[in-house]
Amino acid sequence: MKKNIGWCITGAGHEIHEIYGFISEVEGVELFMSRAAEEVSKIYKVDPNNFSGKMHTEKSSSSPICGKFASNQYRGLVVAPATSNSVAKFVLGISDTLITNIVAHAGKARVPTIVYPTDVAPEMQSMGPSKPVMVYPRKVDLAHTNELSTFETVTVVRSIDELRITVLEMFC
């Protein structure tokens, strides 16, 4: 039996429609949603219940499911989109949510991980809930993104196209 891909969604709206569309094209995805991801999905009018695979929502900051990453029951992990808050926690080793616990366990078990942070350039246009908005990430957010890219088992991608290519090459 082929192992699933764990896919975490944090509370970011950046390219959320494209990401959900791509998830539906990839076989064997098991979805993990933070509380903020559930809130943002409603704001952006994306219904995660349309996802046909197994879905886990955050009921507490830890869960027995995290142990499945520690015991290599997944062939890979994707975090997309990843908020600046989540990326900072990944870099600093803070594991106080479902998603940060999963990333920590995956890292300790050397599960290959792809992260698509929301903050990848000093100036970006992103689709808000109703119209495009300009975003100017802080230096600290860009520094965390760059630091995360140095982690041994983590691949940081910087566009939706790079996310697609990397997921397909690494896990499909």
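Ground rules. Numbering starts from 1 along each chain as its sequence is written, and side-chain values use heavy atoms, without hydrogens or water. The model is predicted: local features need pLDDT of at least 70, side-chain atom pairs count only at pLDDT 80 or more, and totals for chains, interfaces and linings use all residues.

Start with Glu30. Glu30 sits in strand 2, residues 29-33; strands are DSSP E runs of at least two residues, helices H or I runs of at least four, numbered from the N terminus. Glu30 is buried, meaning under 20% relative accessible area with a 1.4 Å probe, protein chains only. What about a salt bridge? Glu30 has none; Lys68 is the nearest side chain of opposite charge, 4.3 Å away. The cut-off is a Lys or Arg side-chain nitrogen within 4 Å of an Asp or Glu carboxyl oxygen. Lys and Arg count as positive, Asp and Glu as negative; His and chain ends are not counted.

Now the rings. The whole structure holds four aromatic pairs. Ring centres must lie within 6.5 Å, using the six-membered ring for Trp; planes under 30 degrees apart are stacked, over 60 edge-to-face, the rest tilted. Trp7 and Phe22 are edge-to-face, at 5.9 Å and 70°. Trp7 is in strand 1 and Phe22 in helix 1, 15 residues apart. Trp7 is buried at 0%, Phe22 at 2%.

Next, Phe32 and Tyr74. Their centres are 6.2 Å apart and their planes at 70°, so this pair is edge-to-face. Phe32 lies in strand 2 and Tyr74 in strand 4, 42 residues apart. Both are buried. Ring pairs join Phe32, Phe69 and Tyr74 into a cluster.

Definitions and conventions:
Buried means under 20% relative accessible area, exposed over 50%, partly exposed in between (1.4 Å probe, protein chains only).
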